[in-house]
Every structure is written in C-alpha cells, then in structure tokens.
Amino acid sequence: MHGTGSHSDIDDDELFAELEAEIENDDNAAVRERGIQQFKQEMERLKKLKENGHGRYDEILEEKLVLQTTIQEPLCIVHFYMPNFRRCTIMDKHLERLAPKYFNTRFLRVCVENVPFLVEKLGIKVLPAVYCFVKGVAKTRLVGFEDLGNKDNFETSVLERKLLDTGVIKHEQDDASQHTYTTATTTVRQNVRGGPSKDDFEFDL
C-alpha cells in the first residue's frame, strides 16, 4: 500500500532546477556558493529518504526488517494490524493520507501474524495498535480508537494531532532544532532531531 505525493517526479525535478537557478543567480559569490552546496546536500538527503520509502505507507513482512527499520529510522510509525479487521482498515486509510505529508517520518504497517516476537515484546492485545518510534525508542502508542474519540468516523486531523503531540511527525515551523539557510530568493531547510527522553522504552535486542 502506497501513499501518493502532491507532486510527480517530473514536477519535483523542475522545481529543484528552478531553485538551483535562483541560487546561482545570487549577486553575492560567497552566498551563492554556500547556497548551492547546502541546496545540493538537502536534495541528496531528500533523495535518499525517498529511496528508503519515505513519503509512502509501506508494508513489511519480515520481523527482522521491522526491527531494523524502527532502530535505523530517526522517526517511524508502525501500524500493527490484522487483515479484515474493520478498524485496522480505517487506520490504514488515515495513515496513508499522512505519509506523503510528513516526508521525514517513515510510515509502516505489519501484520501481527508475521511479528510474534514484537507482539509479545510490546504486549499487543488490542488492534489496531500504532507505535511511534523516535530514534529506535517507542515514544508512545495508540491502541484501538480510545484516544481518537472511540468512534470509527474520526477525522484524519484527530490522528494527526495525536501523532504531532508525540513528536514522531513534525511541522517544519514547529521544529525548534531546524536550521534555515537563505539566499536572496530561496530558502532550504535541514532538520536536526533531538534524542529520546528518559521515560521512553526501547527494544532489548
């Protein structure tokens, strides 16, 4: 299952080319050179994220790969589901909408039948179960629809707010650790994420 971004690859390429041209046309040579380097670094970072599945809502079938992904990805959301569970299908719909919007976060779904170790380790008994990982640490979990009004017709924005509160997804303007680089007409942002708090828990592998 994949989410769909707001721009095609062609649109992205055209946008990047336009931004790079604006940087190159800056009158200040030092600013221009610095802007070009920062721009290229950011584009390379975004390219690697896209290659690693960011911007999509993907399913992982192997338990080992789920573990590796939650540890390696700085920000990761995992939906533990069962096929044909109505509420799991509803959760899928909302997460698929959010995945392209929060490109820096990896969105995944895993069938509980494929991950018995994780189900036992996390004590999953109620589905859907959505776990939010920050730098390999489970920050919080949403179990069932209790935190979403306990109704099936909740809005995606309700889930979005809950996830924003955990820090597993972030609006650019809300990221206090974000650095902004500016040339005359172009702004390129690079996110720097903080570490986990003492109250979080992580896998003991």
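This is a guided tour of a predicted model of one protein chain, stop by stop.

**Confidence**

Start by colouring the chain by pLDDT. The average is 76, and 58% of the residues score at least 70. Select residues 75-81, which form strand S2; among the elements of the chain, S2 has the highest mean pLDDT, 98. Then select strand S7, residues 187-190, where the mean is the lowest, 36. Two stretches call for caution. Over residues 3-8 the pLDDT is below 50, and this stretch has eight contacts in the model beyond near neighbours in sequence. Over residues 175-205 the pLDDT is also below 50, and here the model has 69 contacts beyond near neighbours in sequence.

**The largest nonpolar core**

Return to S2. The core has 23 residues in total. Select Val 78, Phe 80, Val 110, Val 115, Ile 124, Leu 127 and Tyr 131 to show those with the most contacts inside it. Helix H3 (63-72), S2, strand S3 (106-111), helix H5 (116-122) and strand S4 (129-134) each give two or more residues to this core. A second, separate core has 22 residues, among them Leu 95, Cys 132, Leu 159 and Leu 164.

**Phe 80 and its surroundings**

Centre the view on Phe 80. Leaving aside neighbours within four places in sequence, its contacts include Val 110, Val 115, Leu 118, Ile 124, Pro 128 and Tyr 131. Both Phe 80 and Tyr 131 are buried. How do their rings meet? The ring centres are 5.6 Å apart and the planes stand at 85°, so the pair is edge-to-face. Phe 80 is in strand S2 and Tyr 131 in strand S4, 51 residues apart, so the pair links distant parts of the chain. The structure holds three aromatic pairs.

Next, select Tyr 81 and Arg 109. Arg 109 lies over the face of the Tyr 81 ring, at 3.9 Å from the ring centre.

**Backbone angles**

Most residues other than glycine have a negative phi, and most peptide bonds are trans. The next selections depart from that pattern.

- Leu 127 and Pro 128 are joined by a cis peptide bond, with omega about 0°. Pro 128 lies in the loop between H5 and S4.
- Asn 84 has a positive phi, near 70°. Look for Asn 84 in the loop between S2 and helix H4 (86-98). Is Asn 84 buried or exposed? Its relative accessibility is 80%, so Asn 84 counts as exposed.
- Lys 135 also has a positive phi, near 55°. Lys 135 is in the loop between S4 and strand S5 (137-143), and is partly exposed, with a relative accessible area of 40%.

**Helix H6**

Finish at helix H6, residues 156-166. Select Thr 156, Leu 159, Glu 160, Leu 163, Leu 164 and Thr 166, which are buried. Turn the view to look down the helix axis: the buried residues of H6 fall within an arc of 155°, so they line one face of the helix. What do they pack against? Show S2, H4, S4 and S5, the elements that meet the buried residues of H6. Just after H6, Gly 167 takes a positive phi of about 90°.

Definitions and conventions: Residues numbered from 1 in each chain as written. Predicted model: local features only at pLDDT ≥ 70, side-chain atom pairs only at ≥ 80, totals over all residues. Heavy atoms only, no water. pLDDT = per-residue confidence, 0-100. Helix = DSSP H or I, 4+ residues; strand = E, 2+ residues; numbered from the N terminus. Contact = heavy atoms within 4.5 Å. Core = buried A, V, L, I, M, F, W, Y, C linked by side-chain atoms within 4.5 Å. Buried < 20%, exposed > 50% of the residue type's maximum accessible area, 1.4 Å probe, protein only. Arc of directions from axis to C-beta. Phe/Tyr/Trp six-rings, centres within 6.5 Å; stacked < 30°, edge-to-face > 60°. Lys NZ or Arg CZ within 6 Å of the ring centre and 35° of its normal.
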